[in-house]
Amino acid sequence: MTLGYLPGSGLLHRSHPLTTATLAAVVSVLAFLLPGPAGPGMLVLALCVIAVAAGMRRVLLTSAAFSAPFWAFLILIHGVIGGDFATAAALAGRITAILTVFLLLLGSVHPGRLVDAMLQRGLPFGLAYLLAATLQAVPQLQQRAAAILAAQRCRGLRVGGSLWRRARAVVPLAVPLVLGALAEVDERALALETRGAGSETRRTALEPPLDRPGDRAARWLLLATVVGAAVWRLLT
Amino acid sequence: MTVRLEAVSFRYPTAGVDALRDVTLEFAPGGVHLVTGRLGAGCSTLLLAIAGLAPHVTGGTRLGSVITLGQDPATEEGRGAVAGRVGLLLPTPWTQLSGMAHTVAEEVAFGPANLGWERERIRGAVREALRLVDLEDLAGRDPGTLSGGELQRVIFAAVAAMDPDIYLLDEPAMELDPEAAGAMYRFLPALARRKTVILATTDLDRAVLVAGRVVLLDAGHVIDDGDPASVLGALRAVEAGATTTVARIAQRAGAQSPLPLTVPAAVARFAR
(Lines give C-alpha, C1' and ligand atoms only; values in the text may rest on other atoms or scores of the structure.)
Protein backbone atom coordinates (compact mmCIF):
# COMPACT_ATOMS: atom_id res chain seq x y z
CA MET A 1 0.00 0.00 0.00
CA THR A 2 1.42 3.36 -1.05
CA LEU A 3 0.12 6.52 0.52
CA GLY A 4 2.38 9.05 -1.14
CA TYR A 5 2.66 10.68 -4.51
CA LEU A 6 2.45 8.26 -7.43
CA PRO A 7 4.20 9.57 -10.55
CA GLY A 8 1.94 9.52 -13.58
CA SER A 9 0.51 11.53 -16.43
CA GLY A 10 -3.19 10.81 -16.10
CA LEU A 11 -6.16 13.14 -15.86
CA LEU A 12 -5.57 14.14 -12.24
CA HIS A 13 -1.79 14.49 -12.65
CA ARG A 14 -2.37 16.93 -15.52
CA SER A 15 -4.97 18.93 -13.62
CA HIS A 16 -4.10 22.08 -11.76
CA PRO A 17 -3.37 21.15 -8.11
CA LEU A 18 -6.11 23.47 -6.88
CA THR A 19 -8.65 21.65 -9.05
CA THR A 20 -7.86 18.35 -7.33
CA ALA A 21 -7.79 20.07 -3.94
CA THR A 22 -11.21 21.58 -4.72
CA LEU A 23 -12.48 18.11 -5.68
CA ALA A 24 -11.28 16.79 -2.30
CA ALA A 25 -12.97 19.62 -0.41
CA VAL A 26 -16.20 19.33 -2.38
CA VAL A 27 -16.44 15.55 -1.98
CA SER A 28 -15.85 15.92 1.77
CA VAL A 29 -18.74 18.38 2.04
CA LEU A 30 -21.04 16.40 -0.28
CA ALA A 31 -20.41 13.23 1.70
CA PHE A 32 -22.28 14.83 4.57
CA LEU A 33 -24.75 16.91 2.55
CA LEU A 34 -26.12 14.06 0.45
CA PRO A 35 -28.49 11.65 2.17
CA GLY A 36 -27.11 8.19 2.88
CA PRO A 37 -26.57 5.54 1.94
CA ALA A 38 -27.36 6.43 -1.71
CA GLY A 39 -25.53 9.81 -1.73
CA PRO A 40 -22.18 8.63 -0.34
CA GLY A 41 -22.54 5.48 -2.48
CA MET A 42 -22.83 7.59 -5.62
CA LEU A 43 -19.83 9.64 -4.57
CA VAL A 44 -17.74 6.50 -4.09
CA LEU A 45 -18.88 5.25 -7.50
CA ALA A 46 -17.98 8.57 -9.13
CA LEU A 47 -14.55 8.51 -7.48
CA CYS A 48 -13.99 4.97 -8.74
CA VAL A 49 -14.71 6.17 -12.28
CA ILE A 50 -12.34 9.14 -11.83
CA ALA A 51 -9.60 6.87 -10.39
CA VAL A 52 -9.87 4.44 -13.29
CA ALA A 53 -9.97 7.26 -15.86
CA ALA A 54 -6.93 8.85 -14.21
CA GLY A 55 -4.98 5.59 -14.23
CA MET A 56 -4.96 5.38 -10.43
CA ARG A 57 -6.63 2.04 -9.77
CA ARG A 58 -4.08 1.29 -7.04
CA VAL A 59 -5.62 4.05 -4.94
CA LEU A 60 -8.92 2.13 -4.89
CA LEU A 61 -7.21 -0.90 -3.36
CA THR A 62 -5.58 1.25 -0.70
CA SER A 63 -8.89 2.93 0.02
CA ALA A 64 -10.64 -0.45 0.29
CA ALA A 65 -7.98 -1.70 2.71
CA PHE A 66 -8.31 1.36 4.94
CA SER A 67 -12.11 1.45 4.74
CA ALA A 68 -12.67 -2.23 5.52
CA PRO A 69 -12.19 -1.93 9.31
CA PHE A 70 -14.66 0.99 9.40
CA TRP A 71 -17.22 -1.00 7.43
CA ALA A 72 -16.80 -3.99 9.75
CA PHE A 73 -17.04 -1.89 12.90
CA LEU A 74 -20.04 0.18 11.73
CA ILE A 75 -21.96 -2.84 10.44
CA LEU A 76 -21.35 -4.59 13.75
CA ILE A 77 -22.41 -1.63 15.90
CA HIS A 78 -25.24 -0.10 13.82
CA GLY A 79 -26.29 -3.13 11.78
CA VAL A 80 -25.93 -6.31 13.79
CA ILE A 81 -26.42 -4.76 17.24
CA GLY A 82 -28.56 -1.72 16.33
CA GLY A 83 -30.48 -3.29 13.47
CA ASP A 84 -29.94 -0.24 11.27
CA PHE A 85 -27.89 -1.34 8.29
CA ALA A 86 -28.76 1.82 6.30
CA THR A 87 -27.04 4.08 8.85
CA ALA A 88 -24.04 1.77 8.94
CA ALA A 89 -23.76 1.90 5.13
CA ALA A 90 -24.24 5.69 5.07
CA LEU A 91 -21.52 6.34 7.63
CA ALA A 92 -19.11 3.85 6.10
CA GLY A 93 -19.83 5.27 2.62
CA ARG A 94 -18.98 8.79 3.83
CA ILE A 95 -15.70 7.59 5.31
CA THR A 96 -14.83 5.67 2.13
CA ALA A 97 -15.62 8.65 -0.11
CA ILE A 98 -13.48 11.05 1.93
CA LEU A 99 -10.64 8.54 2.23
CA THR A 100 -10.67 7.83 -1.50
CA VAL A 101 -10.66 11.45 -2.59
CA PHE A 102 -7.80 12.34 -0.26
CA LEU A 103 -5.82 9.33 -1.46
CA LEU A 104 -6.39 10.55 -5.03
CA LEU A 105 -5.19 14.01 -3.99
CA LEU A 106 -2.15 12.59 -2.23
CA GLY A 107 -1.28 10.30 -5.14
CA SER A 108 -1.73 12.76 -7.97
CA VAL A 109 -0.62 16.14 -6.64
CA HIS A 110 3.09 16.64 -6.27
CA PRO A 111 3.63 18.60 -3.04
CA GLY A 112 6.00 21.03 -4.75
CA ARG A 113 3.37 21.82 -7.40
CA LEU A 114 0.73 22.25 -4.71
CA VAL A 115 2.92 24.80 -2.91
CA ASP A 116 3.64 26.60 -6.18
CA ALA A 117 -0.08 26.69 -6.95
CA MET A 118 -0.89 28.12 -3.53
CA LEU A 119 1.90 30.70 -3.81
CA GLN A 120 0.48 31.73 -7.19
CA ARG A 121 -2.75 32.50 -5.32
CA GLY A 122 -0.89 34.72 -2.89
CA LEU A 123 -0.71 32.38 0.10
CA PRO A 124 2.34 32.92 2.33
CA PHE A 125 5.05 30.27 1.91
CA GLY A 126 4.76 29.10 5.53
CA LEU A 127 1.07 28.25 5.21
CA ALA A 128 1.50 26.65 1.78
CA TYR A 129 4.41 24.56 3.05
CA LEU A 130 2.46 23.51 6.13
CA LEU A 131 -0.41 22.21 3.97
CA ALA A 132 1.87 20.38 1.53
CA ALA A 133 4.08 18.97 4.30
CA THR A 134 0.99 17.65 6.09
CA LEU A 135 0.13 15.63 2.98
CA GLN A 136 3.74 14.45 2.70
CA ALA A 137 3.83 13.47 6.37
CA VAL A 138 1.60 10.46 5.73
CA PRO A 139 3.99 8.49 3.48
CA GLN A 140 6.96 9.53 5.60
CA LEU A 141 5.30 8.29 8.78
CA GLN A 142 4.34 5.11 6.94
CA GLN A 143 8.00 4.48 6.02
CA ARG A 144 9.16 5.25 9.54
CA ALA A 145 6.49 2.99 11.07
CA ALA A 146 7.64 0.12 8.84
CA ALA A 147 11.26 0.61 9.98
CA ILE A 148 10.26 0.77 13.67
CA LEU A 149 8.08 -2.30 13.29
CA ALA A 150 10.94 -4.23 11.70
CA ALA A 151 13.31 -3.14 14.49
CA GLN A 152 10.85 -4.08 17.22
CA ARG A 153 10.19 -7.49 15.63
CA CYS A 154 13.93 -8.12 15.56
CA ARG A 155 13.90 -7.46 19.28
CA GLY A 156 11.21 -10.07 19.83
CA LEU A 157 7.98 -8.07 19.58
CA ARG A 158 5.14 -10.31 18.41
CA VAL A 159 2.64 -8.38 16.32
CA GLY A 160 0.39 -11.25 15.19
CA GLY A 161 -2.08 -13.35 17.11
CA SER A 162 -5.10 -12.30 19.15
CA LEU A 163 -6.69 -8.87 19.04
CA TRP A 164 -5.36 -8.16 22.56
CA ARG A 165 -1.80 -9.04 21.52
CA ARG A 166 -2.07 -6.85 18.40
CA ALA A 167 -3.40 -3.97 20.51
CA ARG A 168 -0.50 -4.32 22.94
CA ALA A 169 1.97 -4.24 20.03
CA VAL A 170 0.73 -0.77 19.07
CA VAL A 171 2.43 0.90 22.07
CA PRO A 172 6.05 -0.02 21.21
CA LEU A 173 5.28 1.06 17.64
CA ALA A 174 3.45 4.31 18.37
CA VAL A 175 5.70 5.73 21.09
CA PRO A 176 8.96 5.79 19.05
CA LEU A 177 6.98 6.87 15.98
CA VAL A 178 5.52 9.93 17.69
CA LEU A 179 8.62 10.80 19.72
CA GLY A 180 10.86 10.39 16.66
CA ALA A 181 8.59 12.62 14.57
CA LEU A 182 8.61 15.30 17.26
CA ALA A 183 12.40 15.13 17.59
CA GLU A 184 12.75 15.57 13.83
CA VAL A 185 10.72 18.75 13.83
CA ASP A 186 13.57 20.77 15.38
CA GLU A 187 16.19 19.60 12.90
CA ARG A 188 13.89 20.08 9.95
CA ALA A 189 13.11 23.62 11.06
CA LEU A 190 16.85 24.37 11.22
CA ALA A 191 17.48 22.88 7.79
CA LEU A 192 14.54 24.68 6.17
CA GLU A 193 15.52 28.01 7.66
CA THR A 194 19.05 27.85 6.24
CA ARG A 195 17.69 26.76 2.87
CA GLY A 196 15.78 29.98 2.54
CA ALA A 197 12.33 28.74 3.56
CA GLY A 198 11.88 31.80 5.76
CA SER A 199 13.15 34.15 3.06
CA GLU A 200 10.94 37.12 2.26
CA THR A 201 11.86 36.84 -1.42
CA ARG A 202 9.12 35.44 -3.62
CA ARG A 203 9.86 31.76 -4.32
CA THR A 204 10.53 30.77 -7.91
CA ALA A 205 8.07 28.17 -9.16
CA LEU A 206 10.21 25.51 -10.82
CA GLU A 207 7.37 24.25 -12.99
CA PRO A 208 4.46 26.62 -12.48
CA PRO A 209 1.23 24.67 -12.81
CA LEU A 210 -0.90 25.65 -15.79
CA ASP A 211 -4.40 26.80 -14.94
CA ARG A 212 -6.26 25.89 -18.13
CA PRO A 213 -9.83 27.02 -18.91
CA GLY A 214 -10.92 23.41 -18.31
CA ASP A 215 -9.49 23.52 -14.80
CA ARG A 216 -11.26 26.76 -13.99
CA ALA A 217 -14.53 25.41 -15.40
CA ALA A 218 -14.16 22.22 -13.37
CA ARG A 219 -13.63 24.18 -10.16
CA TRP A 220 -16.69 26.36 -10.81
CA LEU A 221 -18.72 23.25 -11.61
CA LEU A 222 -17.62 21.58 -8.39
CA LEU A 223 -18.49 24.65 -6.33
CA ALA A 224 -21.86 24.95 -8.10
CA THR A 225 -22.53 21.30 -7.26
CA VAL A 226 -21.97 21.96 -3.56
CA VAL A 227 -24.18 25.03 -3.59
CA GLY A 228 -26.84 23.14 -5.55
CA ALA A 229 -26.73 20.21 -3.15
CA ALA A 230 -26.98 22.55 -0.14
CA VAL A 231 -30.00 24.37 -1.62
CA TRP A 232 -31.65 21.06 -2.51
CA ARG A 233 -31.13 19.75 1.05
CA LEU A 234 -32.59 22.95 2.51
CA LEU A 235 -35.67 22.76 0.28
CA THR A 236 -36.40 19.05 0.78
CA MET B 1 36.14 39.06 9.71
CA THR B 2 33.51 36.70 8.34
CA VAL B 3 32.26 35.78 11.80
CA ARG B 4 32.89 37.42 15.16
CA LEU B 5 31.54 36.20 18.49
CA GLU B 6 32.12 38.28 21.58
CA ALA B 7 31.37 37.04 25.11
CA VAL B 8 28.63 34.77 23.79
CA SER B 9 26.71 32.57 26.19
CA PHE B 10 23.70 30.54 25.16
CA ARG B 11 21.21 28.45 27.08
CA TYR B 12 18.49 26.25 25.52
CA PRO B 13 14.96 26.84 26.83
CA THR B 14 14.69 23.75 29.03
CA ALA B 15 18.37 23.38 29.94
CA GLY B 16 19.78 24.01 33.38
CA VAL B 17 23.26 24.94 32.15
CA ASP B 18 24.67 27.07 29.36
CA ALA B 19 25.51 25.28 26.10
CA LEU B 20 28.00 28.08 25.32
CA ARG B 21 29.85 30.04 28.02
CA ASP B 22 31.55 33.34 27.38
CA VAL B 23 32.78 32.40 23.90
CA THR B 24 34.89 34.97 22.07
CA LEU B 25 36.10 33.90 18.63
CA GLU B 26 36.82 35.26 15.21
CA PHE B 27 36.71 33.40 11.90
CA ALA B 28 38.63 34.94 9.02
CA PRO B 29 37.41 34.41 5.44
CA GLY B 30 38.46 31.15 3.80
CA GLY B 31 40.07 28.08 5.30
CA VAL B 32 38.77 25.07 7.19
CA HIS B 33 38.16 25.96 10.83
CA LEU B 34 37.68 22.85 12.95
CA VAL B 35 35.53 23.13 16.08
CA THR B 36 35.76 20.10 18.32
CA GLY B 37 35.35 18.74 21.82
CA ARG B 38 33.68 15.80 23.49
CA LEU B 39 29.94 15.28 22.87
CA GLY B 40 27.95 18.05 24.54
CA ALA B 41 30.88 20.48 24.40
CA GLY B 42 28.76 23.00 22.47
CA CYS B 43 30.20 22.59 18.95
CA SER B 44 26.79 22.22 17.24
CA THR B 45 25.35 25.09 19.28
CA LEU B 46 28.24 27.30 18.15
CA LEU B 47 27.33 26.62 14.51
CA LEU B 48 23.67 27.36 15.21
CA ALA B 49 24.60 30.63 16.91
CA ILE B 50 26.73 31.66 13.91
CA ALA B 51 23.78 30.93 11.61
CA GLY B 52 21.41 32.82 13.93
CA LEU B 53 19.28 29.70 14.37
CA ALA B 54 20.08 29.78 18.07
CA PRO B 55 18.00 31.38 19.42
CA HIS B 56 15.79 32.27 16.41
CA VAL B 57 14.63 28.69 15.73
CA THR B 58 15.76 26.77 18.82
CA GLY B 59 14.52 29.31 21.35
CA GLY B 60 16.62 29.99 24.43
CA THR B 61 18.63 32.94 25.64
CA ARG B 62 21.76 34.37 24.05
CA LEU B 63 24.04 36.87 25.71
CA GLY B 64 26.89 38.68 23.98
CA SER B 65 27.30 39.55 20.33
CA VAL B 66 27.36 37.44 17.16
CA ILE B 67 28.22 39.15 13.90
CA THR B 68 28.03 36.98 10.78
CA LEU B 69 28.89 38.63 7.45
CA GLY B 70 28.48 42.00 9.09
CA GLN B 71 25.05 41.35 10.61
CA ASP B 72 23.59 39.87 13.78
CA PRO B 73 21.89 36.81 12.23
CA ALA B 74 19.42 36.46 15.08
CA THR B 75 17.70 39.75 14.20
CA GLU B 76 15.04 40.19 11.53
CA GLU B 77 17.31 42.38 9.43
CA GLY B 78 20.30 40.07 9.90
CA ARG B 79 18.33 36.99 8.88
CA GLY B 80 17.36 38.64 5.62
CA ALA B 81 20.95 39.66 4.96
CA VAL B 82 22.48 36.23 5.58
CA ALA B 83 19.69 34.18 3.93
CA GLY B 84 21.38 31.87 1.46
CA ARG B 85 24.86 33.13 2.40
CA VAL B 86 25.25 30.72 5.33
CA GLY B 87 24.80 27.02 4.51
CA LEU B 88 24.26 24.45 7.26
CA LEU B 89 24.72 20.70 6.95
CA LEU B 90 23.39 18.66 9.88
CA PRO B 91 24.38 15.07 10.77
CA THR B 92 21.16 13.26 9.85
CA PRO B 93 20.21 13.66 6.19
CA TRP B 94 16.58 12.51 6.27
CA THR B 95 15.57 15.25 8.71
CA GLN B 96 16.94 17.84 6.28
CA LEU B 97 14.79 16.85 3.31
CA SER B 98 12.43 19.58 2.22
CA GLY B 99 9.48 17.21 2.00
CA MET B 100 8.51 18.92 -1.23
CA ALA B 101 10.68 17.19 -3.76
CA HIS B 102 10.02 14.06 -5.72
CA THR B 103 13.46 13.96 -7.32
CA VAL B 104 17.00 14.66 -6.19
CA ALA B 105 17.21 17.58 -8.62
CA GLU B 106 14.09 19.16 -7.12
CA GLU B 107 15.51 18.67 -3.63
CA VAL B 108 18.71 20.47 -4.60
CA ALA B 109 16.69 23.23 -6.29
CA PHE B 110 14.59 23.87 -3.16
CA GLY B 111 16.98 26.42 -1.61
CA PRO B 112 17.76 28.45 -4.76
CA ALA B 113 14.03 28.53 -5.59
CA ASN B 114 13.31 29.92 -2.12
CA LEU B 115 15.82 32.68 -2.79
CA GLY B 116 13.85 33.65 -5.88
CA TRP B 117 16.56 32.92 -8.43
CA GLU B 118 15.74 32.76 -12.14
CA ARG B 119 14.88 29.26 -13.37
CA GLU B 120 17.87 29.06 -15.71
CA ARG B 121 20.22 30.01 -12.88
CA ILE B 122 18.62 27.39 -10.62
CA ARG B 123 19.03 24.67 -13.26
CA GLY B 124 22.71 25.57 -13.68
CA ALA B 125 23.29 25.63 -9.91
CA VAL B 126 21.62 22.22 -9.51
CA ARG B 127 23.74 20.68 -12.28
CA GLU B 128 26.93 22.14 -10.81
CA ALA B 129 26.10 21.06 -7.24
CA LEU B 130 25.26 17.49 -8.28
CA ARG B 131 28.48 17.32 -10.27
CA LEU B 132 30.36 18.50 -7.21
CA VAL B 133 29.17 15.52 -5.14
CA ASP B 134 29.29 13.13 -8.09
CA LEU B 135 25.55 12.42 -8.05
CA GLU B 136 24.55 13.58 -11.54
CA ASP B 137 23.28 10.08 -12.32
CA LEU B 138 20.80 10.23 -9.44
CA ALA B 139 19.21 13.55 -10.44
CA GLY B 140 15.92 11.89 -11.35
CA ARG B 141 15.72 9.53 -8.37
CA ASP B 142 13.24 9.89 -5.49
CA PRO B 143 15.29 11.07 -2.46
CA GLY B 144 13.30 8.66 -0.29
CA THR B 145 14.89 5.70 -2.11
CA LEU B 146 18.52 6.72 -1.48
CA SER B 147 20.89 5.36 1.14
CA GLY B 148 21.90 7.53 4.10
CA GLY B 149 25.27 8.29 2.53
CA GLU B 150 23.79 9.24 -0.85
CA LEU B 151 21.20 11.36 0.89
CA GLN B 152 23.85 13.24 2.88
CA ARG B 153 25.66 14.03 -0.37
CA VAL B 154 22.35 15.27 -1.83
CA ILE B 155 21.89 17.57 1.15
CA PHE B 156 25.48 18.79 0.75
CA ALA B 157 24.66 19.52 -2.90
CA ALA B 158 21.49 21.31 -1.78
CA VAL B 159 23.59 23.55 0.46
CA ALA B 160 26.26 24.07 -2.21
CA ALA B 161 23.63 24.98 -4.84
CA MET B 162 22.84 28.12 -2.84
CA ASP B 163 26.51 29.13 -3.19
CA PRO B 164 26.86 30.27 0.44
CA ASP B 165 29.86 32.27 1.66
CA ILE B 166 30.05 30.22 4.86
CA TYR B 167 29.64 26.45 5.12
CA LEU B 168 28.69 25.25 8.60
CA LEU B 169 29.25 21.50 8.60
CA ASP B 170 28.04 19.58 11.65
CA GLU B 171 29.38 16.02 11.55
CA PRO B 172 29.07 15.96 7.74
CA ALA B 173 30.42 12.43 7.32
CA MET B 174 28.40 10.71 10.02
CA GLU B 175 26.23 8.80 7.53
CA LEU B 176 28.96 8.20 4.96
CA ASP B 177 30.96 5.04 4.41
CA PRO B 178 34.72 5.41 4.95
CA GLU B 179 35.47 5.95 1.26
CA ALA B 180 32.76 8.61 0.82
CA ALA B 181 33.76 10.26 4.11
CA GLY B 182 37.37 10.46 2.94
CA ALA B 183 36.22 11.94 -0.38
CA MET B 184 34.17 14.60 1.39
CA TYR B 185 37.08 15.66 3.61
CA ARG B 186 39.51 15.68 0.70
CA PHE B 187 37.18 18.03 -1.14
CA LEU B 188 37.06 20.60 1.71
CA PRO B 189 40.46 22.30 1.13
CA ALA B 190 39.46 23.16 -2.45
CA LEU B 191 36.15 24.52 -1.20
CA ALA B 192 37.93 26.50 1.52
CA ARG B 193 39.99 28.38 -1.06
CA ARG B 194 36.80 30.21 -2.06
CA LYS B 195 34.60 29.86 1.02
CA THR B 196 34.79 29.81 4.82
CA VAL B 197 34.27 26.29 6.15
CA ILE B 198 33.52 25.82 9.84
CA LEU B 199 33.54 22.13 10.59
CA ALA B 200 32.22 20.68 13.86
CA THR B 201 33.19 17.07 14.28
CA THR B 202 34.67 14.43 16.56
CA ASP B 203 35.99 12.57 13.49
CA LEU B 204 39.44 14.03 14.13
CA ASP B 205 41.50 11.43 12.30
CA ARG B 206 40.10 12.77 9.03
CA ALA B 207 39.45 16.38 10.02
CA VAL B 208 43.02 16.99 11.14
CA LEU B 209 44.21 16.35 7.59
CA VAL B 210 42.24 19.31 6.22
CA ALA B 211 41.88 21.80 9.07
CA GLY B 212 44.08 24.88 9.24
CA ARG B 213 42.89 25.87 12.66
CA VAL B 214 41.30 24.08 15.64
CA VAL B 215 38.99 25.52 18.28
CA LEU B 216 38.71 23.20 21.27
CA LEU B 217 35.56 23.46 23.37
CA ASP B 218 34.81 21.93 26.73
CA ALA B 219 31.47 22.37 28.48
CA GLY B 220 30.62 25.28 26.18
CA HIS B 221 33.85 27.15 26.81
CA VAL B 222 36.82 27.67 24.46
CA ILE B 223 39.79 25.99 26.13
CA ASP B 224 42.23 26.22 23.23
CA ASP B 225 42.49 27.79 19.79
CA GLY B 226 45.33 27.49 17.32
CA ASP B 227 46.94 25.30 14.69
CA PRO B 228 46.05 21.55 14.76
CA ALA B 229 49.47 20.36 15.91
CA SER B 230 49.56 22.60 18.97
CA VAL B 231 45.89 22.23 19.99
CA LEU B 232 45.20 18.55 19.31
CA GLY B 233 48.75 17.49 20.20
CA ALA B 234 48.48 18.94 23.70
CA LEU B 235 47.68 16.79 26.73
CA ARG B 236 44.72 19.08 27.38
CA ALA B 237 43.09 17.80 24.16
CA VAL B 238 43.57 14.20 25.31
CA GLU B 239 41.97 15.08 28.64
CA ALA B 240 39.10 16.81 26.84
CA GLY B 241 38.52 13.63 24.80
CA ALA B 242 39.32 15.41 21.56
CA THR B 243 42.37 14.23 19.73
CA THR B 244 43.31 11.74 17.05
CA THR B 245 43.72 7.99 17.50
CA VAL B 246 47.45 8.29 16.78
CA ALA B 247 47.85 10.98 19.46
CA ARG B 248 46.00 8.84 22.04
CA ILE B 249 48.18 5.83 21.26
CA ALA B 250 51.31 7.98 21.41
CA GLN B 251 50.25 9.41 24.77
CA ARG B 252 49.66 5.90 26.16
CA ALA B 253 53.05 4.90 24.83
CA GLY B 254 54.54 7.66 26.96
CA ALA B 255 55.16 10.31 24.32
CA GLN B 256 55.35 13.91 25.49
CA SER B 257 53.31 16.73 24.01
CA PRO B 258 53.04 17.94 21.35
CA LEU B 259 51.76 14.49 20.43
CA PRO B 260 51.93 13.34 16.80
CA LEU B 261 48.48 13.49 15.20
CA THR B 262 48.92 11.34 12.12
CA VAL B 263 50.73 8.14 11.20
CA PRO B 264 53.42 9.95 9.14
CA ALA B 265 53.97 12.37 12.04
CA ALA B 266 54.27 9.46 14.48
CA VAL B 267 56.70 7.61 12.21
CA ALA B 268 58.84 10.73 11.89
CA ARG B 269 58.74 11.28 15.65
CA PHE B 270 59.57 7.73 16.75
CA ALA B 271 62.09 7.15 13.99
CA ARG B 272 64.28 9.85 15.53
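View 1. B:Glu76 is exposed, its relative accessible area being 54%, whereas B:Arg79 counts as buried at 18% relative accessibility (buried means under 20% relative accessible area, exposed over 50%, partly exposed in between, with a 1.4 Å probe and protein chains only). The two side chains form a salt bridge in which the closest N and O atoms are 2.9 Å apart, a salt bridge being a side-chain nitrogen of Lys or Arg within 4 Å of a carboxyl oxygen of Asp or Glu. Because B:Arg79 and B:Glu76 lie three residues apart in helix α3 (residues 76-82) of chain B, about one helical turn separates them; helices here are DSSP runs of H or I with at least four residues, and strands are runs of E with at least two, numbered from the N terminus.

Local features in this predicted model need pLDDT of at least 70 and side-chain atom pairs count only at pLDDT 80 or more, while totals for chains, interfaces and linings use all residues. Residues are numbered from 1 along each chain as its sequence is written, chains are lettered from A in the order in which they are written, and side-chain values use heavy atoms, with hydrogens and water left out.

View 2. B:Arg131 is partly exposed at 44% relative accessible area, and B:Glu128 is partly exposed at 41%.

View 3. A:Arg203 and A:Asp116 pair through their side chains at 3.6 Å, N to O.

**View 4. The interface of chain A and chain B.** Here 31 residues of chain A are in contact with 35 residues of chain B, contact meaning heavy atoms within 4.5 Å. The two chains bury about 2900 Å² between them, 58% of it on carbon and sulfur atoms, where buried area is the accessible area (1.4 Å probe) that two parts lose on being put together, summed over both. A:Leu190, A:Thr194 and A:Arg195 supply 27% of the area that chain A buries against chain B. One salt bridge is counted between the chains, and A:Arg195 forms a salt bridge with B:Glu107, the closest N and O atoms lying 2.9 Å apart.
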